[in-house]
Amino acid sequence: MKYTVLLLLLSLQVFAVDVHKKEGVLLFEYGDGLNGEYITRYHLQTDSGKLALDLSDVFMKKAPIHNWLGKRVEIQSLAEIKVSGLQRVNAIKLMESVAGTGVSGSQPWVTILCKFSDVAAEPENLNFFSEMYNNQPAGLDHYWREVSHSNIDVVGSMAVDWVDLPSSQGTYMPTPGSGSDADLDSLFADCTAAADPHVDFSNTGNGQPYVGINMMFNEDLDCCAWGGGKWASLDGTTKVWRTTWNPPWSFANEGVIAHEMGHGFGLPHANNSDDDGNPYDSPWDVMSAATGYGVNDNIYGRLGKHINAYFKRQLGWVDDSEGWITNNNSFGTVTLDHTSIASTNNKRFIYIPVSDGTHYVVESRKKIGNYEANLPGTAVIIHHVDTSREEPPWVVDGDSPAADYADTEGVMWKVGETFVDPIDGVEVEVLSQTAQGFRVQVRAGDDLIFADGFDF
């Protein structure tokens, strides 16, 4: 497969400069706070250690690196690259194809229950965490099968009963319950070491290693629950492990666990369109407001919702044959079935590229089922996707200014309403509602003046 090696140069001049280079594996850690705090950390795992990276300018202005988790990259800096301290990055180069970054097949996780040496509490028992992986409504196997349209499952996942950490809660974070300085590396190392006698991380029983590790702690970490990737060698297997770090408040609502596992699958946050920097303002995506408008379960609390169609396409959970990929002269009508439907001969999404390099993804959402029944409404939802943003997909709001939280009529496009894109003038009109979704017409470019089109 052909691919383009992407080199992002922000400030290097045409004259000679002393450029320092280092190659390694790119890792992300996303921190999600109980009170709305959010942190994103970037690291380069090298043969000599783990570098903390300052990618702010690269990430916000140029770099579509959201699906580079676990990929080999080369960083360039104008200053000497050292393992200690935050390393300012002036350029980043992808050293391998991002093709194949989708997630498919069985994705077994290990849950480890970890007790701080000075905290005796066991907030939930082993059965609670083991049953969390069930293929029944509210079980994570059932949830991920539905969200991925059966492209993945978590068959083979297991839980390890409470193990004792060698150190106290305060050893791992100076101010438990606040700040963003939990020592995630030490927590991972000590938790997996304590569990090692009880699990072979390299073998789920069929000779394949587990893909991820969910760590459940018996007291607060810092401000946050965390999700992302961790480079480690466990039972002879060295790789990037999909990883989450969870305080008790996060496993009180399974939607938070789903959110952190989503980070483990490589997903960033989603958002609404109010541009306030808060990534938790959209109840239409588990990768935004994880528990907002979630279905409530008596045992596992607020459950996760689906992810948006852009994320599903990124992970390979919908392919282009299941959608309509428009061009600048498209005119047609599509039947969009709601995102939680198990199978359909209709379309699952519309992808609309526009001239500034961004695009729109249109989908149908319906208040129905095990995970979507508490949504704010049944409607067509449009996401504007800009891969240079820290949260690429933003829910489109027809109101100005956009609502602080995307549960208003302005974000729900219903029969008789038309969205007009301010960039190219593309029109998306909701024509009618069907039993399973909506009929939607798209008019773009020269075809805006045409009276005829095609019909899916």
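I began with Gln441, which touches Phe331, Gly332, Thr333, Glu427, Val428, Glu429 and Leu431, leaving out residues up to four places away in sequence; contact here means heavy atoms within 4.5 Å. The model is predicted, with local features needing pLDDT of at least 70 and side-chain atom pairs pLDDT 80 or more, while totals for chains, interfaces and linings use all residues. Residues are numbered from 1 along each chain as its sequence is written, and side-chain values use heavy atoms, without hydrogens and water.

I placed Gln441 in strand 25 (residues 437–443), strands being DSSP runs of E of at least two residues and helices runs of H or I of at least four, numbered from the N terminus. Gln441 has a relative accessible area of 15% and is therefore buried (under 20%, with a 1.4 Å probe and protein chains only).

I then noted two polar contacts of its side chain, one with the side chain of Thr333 at 3.4 Å and one with that of Arg443 at 2.3 Å (N or O atoms within 3.5 Å, one able to donate a hydrogen and the other to accept it).

Turning to the helices, I found that the axes of helix 3 (residues 140–147) and helix 7 (residues 254–264) come within 12 Å and cross at roughly 55°, the axes being lines fitted to C-alpha atoms over the stretch in contact, with angles from 0 to 180 degrees between N-to-C directions.

Definitions and conventions:
Buried < 20%, exposed > 50% of the residue type's maximum accessible area, 1.4 Å probe, protein only.
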